[in-house]
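I opened the notebook to record what I looked up in this structure, beginning with the sheet and ending with the ligand.

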Amino acid sequence: MARHWVIRSFIIFPYTLLTHFTGIIGYGHIGSQLSVLAEAMGMSVIYYDVVNLMAMGTARQVPTLEELLRRADFVSCHVPELPETRNMIGQQQLEQMKDGSYLINASRGSVVDIPALIHAMRSGKIAGAALDVYPNEPTGNGDYFNDDLNAWSSDLRSLKNVILTPHIGGSTEEAQRAIGIEVAQALVRYVNEGTTLGAVNLPEVNLRSLTMDEPNCARVRYSFNTLALGLLLIIYLQVIFIHRNVPGVLRKGNNAQTQEDVHPVDICSERNT
Ligand SMILES: NC(=O)c1ccc[n+]([C@@H]2O[C@H](COP(=O)([O-])OP(=O)(O)OC[C@H]3O[C@@H](n4cnc5c(N)ncnc54)[C@H](O)[C@@H]3O)[C@@H](O)[C@H]2O)c1
């Protein structure tokens, strides 16, 4: 505890948040919640997202990432890990940020080019950063966060203006419970309805489900190999046909249906690779 009166040198933010902009990249579940919190602390909020999304409170969507970076005092990343978001904040984007601004990344470790960030922080361009996620993370408690894991780990740890946390953004008791329920519900919906919303390894499909109340209805899911067999057994059904996008595969499926005298009433085709 400080024993003497200190006005400026030890305070984290030696200015009021009221005049500052938070820039949120990715305005989904978490980004939009952050928007509410930042605004409650008196900050102005701007956000950038690839989708046009309704703003919370008085937040404003900006059309380009560059505009967000040029205007925000605090930039916070909340995008998924995708090829397009890899190194989304690299040297060029760091240069576009305001002098003396701050960067927060609690999304995925691949989103920020950390060597470029280290350079920007050493030069004073970026006043500070808080990171919760890293390209390579220790696999368990007790493992060391050292240069064997990421070549720049000790450089990052040596910075005085950085807060590093061990991927704890979603580690509250409530969040863990919510994740458990969400995953279980996603599996149940897939098994019962063929819905793949939220899947990372399949196209996202949200199908109208046939219910057992509908006359002569049954629901069956096939892989391609079992398709013909399944059609022999049940006459009225909803087929969810998951296949690779290779030439001729739809024809084979159609032929199988024709052979078994199946008349599709509603066909939804999603391309998969
Ligand atoms: N640190 C942690 O412990 C922790 C916990 C939970 C989630 N996460 C991560 O936080 C991130 C956000 O989670 P969420 O639940 O809000 O996800 P979400 O899917 O609800 O929102 C992501 C948003 O990013 C947008 N987006 C996608 N690509 C974009 C791009 N190239 N540019 C701009 N916007 C883009 C999407 O349109 C969407 O609105 C995810 O990467 C997730 O894995 C981390």
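The entries below follow the order in which I looked things up.

**Basis.** I am working with a predicted model, in which local features need pLDDT of at least 70 and side-chain atom pairs count only at pLDDT 80 or more, while totals for chains, interfaces and linings use all residues. Residues are numbered from 1 along each chain as its sequence is written.

**Sheet.** I took helices (H or I, at least four residues) and strands (E, at least two) as DSSP runs numbered from the N terminus, and I counted two strands as paired if DSSP finds at least two bridges between them. I found an open sheet of seven strands in the order E3-E2-E1-E4-E5-E6-E7, with parallel pairing. Strand E3 (60–61) and E7 are at the edges with a single partner strand each, so one side of each has no neighbour in the sheet.

I looked up E1 and E4, which run parallel and are joined by four bridges; Gly-23 has Val-75 in E4 as its bridge partner. E5 and E6 are also parallel, with five bridges between them, and Ser-101 stands opposite Ile-126 in E6. From E5 the chain passes through H4 to E6 in a right-handed β-α-β crossover, where right-handed means that, with the strands pointing away from the viewer, the path from the first strand over the helix to the second runs clockwise. E6 then pairs in the parallel sense with strand E7 (residues 162–164) over three bridges, and Ala-130 has Ile-163 in E7 as its bridge partner. I noted a right-handed β-α-β unit here as well, made of E6, helix H5 (residues 153–158) and E7.

Leaving out residues up to four places away in sequence, Val-75 touches Gly-23, Ile-25, Leu-69, Met-97, Ser-101, Leu-103 and Ile-104, a contact being C-beta atoms within 7 Å.

**Ligand.** Which residues are the closest to the ligand? I found Gly-26, Gly-28, Ile-30, Gly-169 and Gly-170, out of 26 residues that surround the ligand, with C-beta atoms within 6 Å as the cut-off. H1 gives the largest share of this shell, three residues.

Terms used. Contact = placed C-beta atoms within 7 Å.
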